[in-house]
Amino acid sequence: MTKLARIVTTVSMGLLLLVGFGRGEDPAAKLRSDQDGLALTPPMGWYPWNEFGQEPQNEKLIKETVEALVRSGMKEAGYTYIGPDEGICFSRDASGKLTPNLARYPSGLRGLGDYVHQQGLKYALYTDAGTHTCSKAMPGTKGHEFEDMKAFAEWRADYVKVDWCNTAGQTPQTAYPKLRDAQLAAGRPLVFSLCSWGQGQPWKWAASVGHLWRTTEDICEPGKASWTAALKNVEANEKLSASAGPGHWNDPDMMITGMSGLSEVQNRSLFSLWCMMASPLMAGNDLRSMTESTVKILTNREAIGINQDPLGIQARIVRKDGAAEIWAGKRLFDGSQAVLVFNPGEAPAQVQVTPGDAGFEESASLYVRDMWTHQTSGPRAGSIRVTVGPKDVALLRISKTSSFPLPPIIVADSYRVVFHASGNSAQKLAKAIAVKNNGSSELPLWKVSPGLPSWLSVTVTPSGKTQTFSNQVSVAGLGRGHYHAVVKADNREPLSGLPMSALYYDVDLEVSGAAGGPANN
Ligand code: GLA
């Protein structure tokens with residue numbers, strides 16, 4: 001089975017025909033992301049738990065949040081994955097099959113996924129490795145791993161977080177690989193997020209299992225953001241910097257930036273820490289009622305550029321100066337270096353950042369760009385004097401040149417293309433989706449993986465920073481029924497030459513009426 005043949009096609013009734021994803025490969029031998037090209041930079045998106053807990057989560061909340069995410073500019077800044085956490089989404093019926101909770105999610109979980117995809121966003125769902133989820137309100141996957149992962153694939157999830165409650169004697173080292181195998185067998189490439197809160201030390205073994213793993217306890221109880229608890233997570237996560245990289249991330253939990261109880265300074269500091277730690281940027285606040293200040297922080301593209309850097313290095317504390325911490329060791333794709341001075345103390349701190357702290361020779365002549373004031377100074381030799389207020393940060397990019405390019409931020413107008421064909425065998429249909437790069441460079445052409453079904457062809461044409469994927473359908477020979485394909489495309493960031501996260505989208509074709517071939521049912 002070639003690595004490239006990863007296009008899955010489905011026929012009616014949601015049956016998945018696996019063409020090539022993962023089959024015949026030894027998943028334990030390499031990074032999970034080597035197989036699917038996903039999450040090569042930290043995933044960005046939104047999950048409801050920190051703010052809402054489980055109770056008010058429903059379709060209305062998710063849809064309103066999607067609208068807020070788009071309206072606020074978060075989508076344009078790169079936030080992509082969105083969906084319910086433990087929000088009483090499904091139960092298990094008498095036959096063992098997961099059944100969506102239609103009272104809370106009237107469109108069903110597939111319907112909600114379609115809505116999310118049509119807004120140009122990706123669909124995130126949640127489950128648990130045990131018998132039940134943490135509140136016991138939903139069934140867990142234990143004993144149903146394969147059928148549940150198939151259900152997530154049928155609902156078209158692009159991301160699944162797997163929690164660690166009611167585990168009934170399992171260990172993370174055995175339960176999560178089993179779920180990985182079940183997920184690969186389901187045939188839908190998705191981001192796989194382990195949530196054992198650091199139990200079983202997933203940073204030592206889970207890079208072949210998932211794309212990210214929680215390293216800590218929950219950052220807060222629902223609705224109760226805590227600065228102190230967040231810094232505890234930061235402290236634990238900092239020690240694990242060597243384990244993170246493209247496709248395998250330490251996850252100190254969803255963010256609390258923008259939740260009530262935190263000042264603007266604290267919001268900015270926590271966001272800067274998440275950016276420096278190459279942590280997943282999953283917002284956890286109520287996006288529908290954000291202050292302007294929160295929007296500005298969450299959509300700061302220069303700070304996000306540090307988080308989304310293709311090299312994927314997690315910064316660490318290289319030196320302390322009084323209460324202040326100097327975070328560095330984060331080389332970026334253009335040769336510049338990211339440096340954070342964080343002052344958790346109660347009094348202002350004055351710190352000298354040496355070129356050596358920043359990863360340069362001491363004699364280097366350097367430009368310094370502040371990610372929050374958006375000012376560049378330099379060139380200058382010697383130490384950089386930084387004054388930081390209590391609980392505040394200075395988030396800097398330091399470079400030998402005066403240009404500070406942004407890495408790619410990919411934004412699509414839709415991740416789903418739908419065709420309705422009459423069945424006239426001469427019929428040809430075309431629909432396009434636009435994929436934009438909000439980073440600095442024009443990208444090479446996206447390369448569509450071979451192995452598309454015979455009824456579909458895709459061509460890509462560039463126009464500045466937008467590339468158009470034209471999807472052409474030919475119904476000749478197709479019977480009545482529903483056809484589905486997942487299109488995968490790859491690209492590379494031009495400055496570093498490193499692969500970018502693969503792009504996936506769904507194509508649905510409904511053939512009705514008199515058709516060229518036998519019915520596809
Ligand atoms: C655990 C997880 C949280 C959240 C809740 C849901 O505590 O760590 O992020 O998903 O379960 O119950």
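The model is predicted, with local features requiring pLDDT of at least 70 and side-chain atom pairs counting only at pLDDT 80 or more, while totals for chains, interfaces and linings use all residues. Residues are numbered from 1 along each chain as its sequence is written, and side-chain values use heavy atoms, leaving out hydrogens and water.

**Exercise 1.** Determine how the rings of Trp 46 and Phe 52 are arranged.

*Solution.* Begin with the rule: rings of Phe, Tyr and Trp (its six-membered ring) pair if their centres lie within 6.5 Å, and planes under 30 degrees apart count as stacked, over 60 as edge-to-face and the rest as tilted. This rule gives 11 aromatic pairs. For Trp 46 and Phe 52 the centres are 6.3 Å apart and the planes stand at 70 degrees, so this pair is edge-to-face. Trp 46 and Phe 52 are both buried, a term for under 20% relative accessible area, with exposed over 50% and partly exposed in between (1.4 Å probe, protein chains only).

**Exercise 2.** Find which polar side-chain atoms lie at what distance from an oxygen atom of the ligand, taking Glu 86 and Trp 197.

*Solution.* A polar contact here is a pair of N or O atoms within 3.5 Å. For Glu 86, a polar side-chain atom lies 2.4 Å from a ligand oxygen atom, and for Trp 197 the corresponding distance is 2.8 Å.

Conventions
A polar contact is a pair of N or O atoms within 3.5 Å; within protein, one must be able to donate a hydrogen and the other to accept it, and residues adjacent in sequence count only if both atoms are side-chain atoms.
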